[in-house]
Amino acid sequence: MTLLAVETSCDETSAAVIRDGRVLSNIVASQTALHAEYGGVVPELAAREHLRNWQPVTQLALREAGVKTTDIEAVAATQGPGLPNALFIGLKAAQALAFALRRPFFGIHHHEAHLYSPWISGEPLRANFEAFEPSVSLVVSGGHTLLVHSQAEFRHRVLGATLDDAAGECFDKVGKLLGLPYPAGPEIDRFAAEGRAGRYDFPRPMLKDAGDDFSFSGLKTAVLYFLKENPAVAEDPKSLRDLCASVQAAITDVLVGKTMRAAERLGVSCVTVSGGVACNTALRAKLAGACKRSGIALRIADKRLSTDNAAMIGILAERKLLAGHPPCELDADIQPNWEL
Ligand code: KG4
Ligand code: ZN
């Protein structure tokens with residue numbers, strides 16, 4: 001089975017070719033530089049860029065996989081959730097291709113696909129589903145912070161989500177307060193490695209709450225007030241590094257604390273992490289330590305698949321096809337607010 005997948009839900013235009021659980025190609029054209037000067041993703045610019053890029057990106061994915069258009073046996077695209085106009089470009093392009101080739105089409109849930117990326121590993125990348133086991137998954141990026149309980153493949157329940165800012169958004173907004181370029185997560189991570197996390201005390205929002213939801217806007221506001229009272233901290237390289245380490249510790253304590261509590265409560269044997277923030281050094285280290293102490297296996301998405309990509313869309317579509325899920329209508333519409 002050779003399947004072409006397209007992903008355009010936010011600011012990455014991506015196309016991938018999947019064959020029998022293997023990722024033959026996964027091309028990602030990131031728009032980060034385009035949106036950097038605005039300090040965040042501008043939806044209309046994202047859609048225009050997808051329109052410009054989807055065709056060359058798809059051609060490159062086919063060429064890298066050594067596959068001709070006529071070899072494609074099924075087509076998939078992200079149907080939602082995401083930015084409406086951005087989703088529209090990829091979905092309609094993929095549906096048109098499926099129509100022209102007379103192939104089945106699968107509209108895929110972006111968050112469900114993120115749950116698959118920790119299960120795709122190796123060189124070359126391939127899906128490993130013999131081991132798909134009941135798990136608690138943390139999906140953390142600039143757009144989402146989700147805690148999901150997967151009882152089995154296709155059986156997911158959202159335990160909690162952010163009530164305001166996503167975890168990556170918190171990194172980015174704190175970075176903006178510090179004058180760091182967008183997206184600031186990687187830069188804060190680098191500075192934090194040279195800083196002392198215990199120097200400044202920031203709140204751990206909702207860490208002690210009984211529920212599984214998150215909230216990060218209060219932490220960003222706490223940093224804002226702290227900087228108003230202590231403006232010199234951002235100017236001094238050592239203090240800046242300590243501040244980055246302290247903020248990163250607050251964010252990751254919440255993410256790890258809530259993930260582990262849910263995993264232990266539900267008795268799962270596996271914790272998975274995906275999304276751009278899965279690249280964070282402190283998050284990875286803290287989760288590794290916590291999982292080891294609890295005897296829980298940890299699967300972190302490969303860095304190539306942490307950010308938005310079409311490989312995870314294609315792998316999920318292929319699994320659905322093999323499991324006998326019916327294809328979607330070729331005129332199925334985007335679902336920008338689709339819930340898992
Ligand atoms: O998944 P992604 O590429 O895009 C979406 O938001 O959908 O994630 C990007 C987010 C940004 O907020 C970025 O600051 C954050 O992931 N990020 C990090 C790190 N690398 C990326 N945050 C903390 N530490 C990192 N190393
Ligand atoms: Zn995403």
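This is a predicted model: local features need pLDDT of at least 70, side-chain atom pairs count only at pLDDT 80 or more; totals for chains, interfaces and linings use all residues.

Colleague: Is Pro186 buried, exposed or partly exposed?

Modeller: Residues are numbered from 1 along each chain as its sequence is written, chains are lettered from A and ligands numbered from 1 in the order in which they are written, and side-chain values use heavy atoms, with hydrogens and water left out. Now, buried means under 20% relative accessible area, exposed over 50%, and partly exposed in between (1.4 Å probe, protein chains only). The relative accessible area of Pro186 is 46%, so this residue is partly exposed.

Colleague: Thanks! Where is the place of Pro186?

Modeller: Helices (H or I, at least four residues) and strands (E, at least two) are DSSP runs, numbered from the N terminus. The C-alpha atoms of Pro186 and Glu133 are separated by 31 Å, with the two residues 53 apart along the chain. The place of Pro186 is in helix α6.

Colleague: Which residues is Thr58 in contact with, leaving aside its neighbours within four places in sequence?

Modeller: Thr58 sits in helix α2 (residues 43-65), and its relative accessibility of 5% is why it counts as buried. Contact means heavy atoms within 4.5 Å. Leaving aside those neighbours within four places, the contacts of Thr58 are Leu4, Val6 and Ala15.

Colleague: How many residues of strand β2 are buried?

Modeller: Strand β2 covers residues 12-19 and is mostly covered itself. Of its eight residues, the buried ones number seven.

Colleague: Which residue in β2 stands opposite Thr2?

Modeller: Two strands pair if DSSP finds at least two bridges between them. Strand β1 (residues 2-7) and β2 pair in the antiparallel sense over six bridges, forming a hairpin with four residues between them. Opposite Thr2 stands Arg19.

Colleague: And which residue in the turn between β2 and β3 has a positive phi?

Modeller: β2 and strand β3 (residues 22-30) are antiparallel, with eight bridges, and Ile18 stands opposite Val23 in β3. Their hairpin has two residues between the strands. The turn residue with a positive phi, of about 50°, is Asp20.

Colleague: What is the order of the open sheet of five strands?

Modeller: Strands of a sheet pair through backbone hydrogen bonds, either parallel or antiparallel. Here the pairing is mixed, and the edge strands, each pairing on one side only, are β10 (155-161) and β12 (297-300). The order is β10-β9-β8-β11-β12.

Colleague: Which residue in β9 is the bridge partner of Val139?

Modeller: Strand β8 (residues 135-140) runs antiparallel to strand β9 (residues 145-152), and six bridges join them. The partner of Val139 is Leu146.

Colleague: At about what angle does helix α8 run to β8?

Modeller: Axes are lines fitted to C-alpha atoms, for helices over the stretch in contact, and angles run from 0 to 180 degrees between N-to-C directions. Helix α8 (residues 237-266) lies across β8, β9, β10 and β11 (270-274). Its angle to β8 is about 160°.

Colleague: Why is the arrangement around the zinc ion (ligand 2) irregular?

Modeller: Donors are N, O and S atoms within 2.8 Å of the metal (3.2 Å for Na, K and Ca); water is not among the atoms, so sites may look incomplete. The zinc ion is coordinated by His110 (NE2), His114 (NE2), His144 (NE2) and Asp308 (OD), at 2.1 to 2.4 Å. Four donors count as tetrahedral if all angles lie between 85 and 135 degrees; four count as square planar and six as octahedral if opposite donors are over 155 degrees apart and all others between 65 and 115; anything else is irregular. The arrangement is irregular because the donor atoms subtend angles of 89 to 157°.

Colleague: What are the planes of Phe202 and Phe226, stacked or edge-to-face?

Modeller: Rings of Phe, Tyr and Trp (its six-membered ring) pair if their centres lie within 6.5 Å; planes under 30 degrees apart count as stacked, over 60 as edge-to-face and the rest as tilted. Both Phe202 and Phe226 are buried. Their ring centres are 5.4 Å apart and their planes at 75°, so the pair is edge-to-face.
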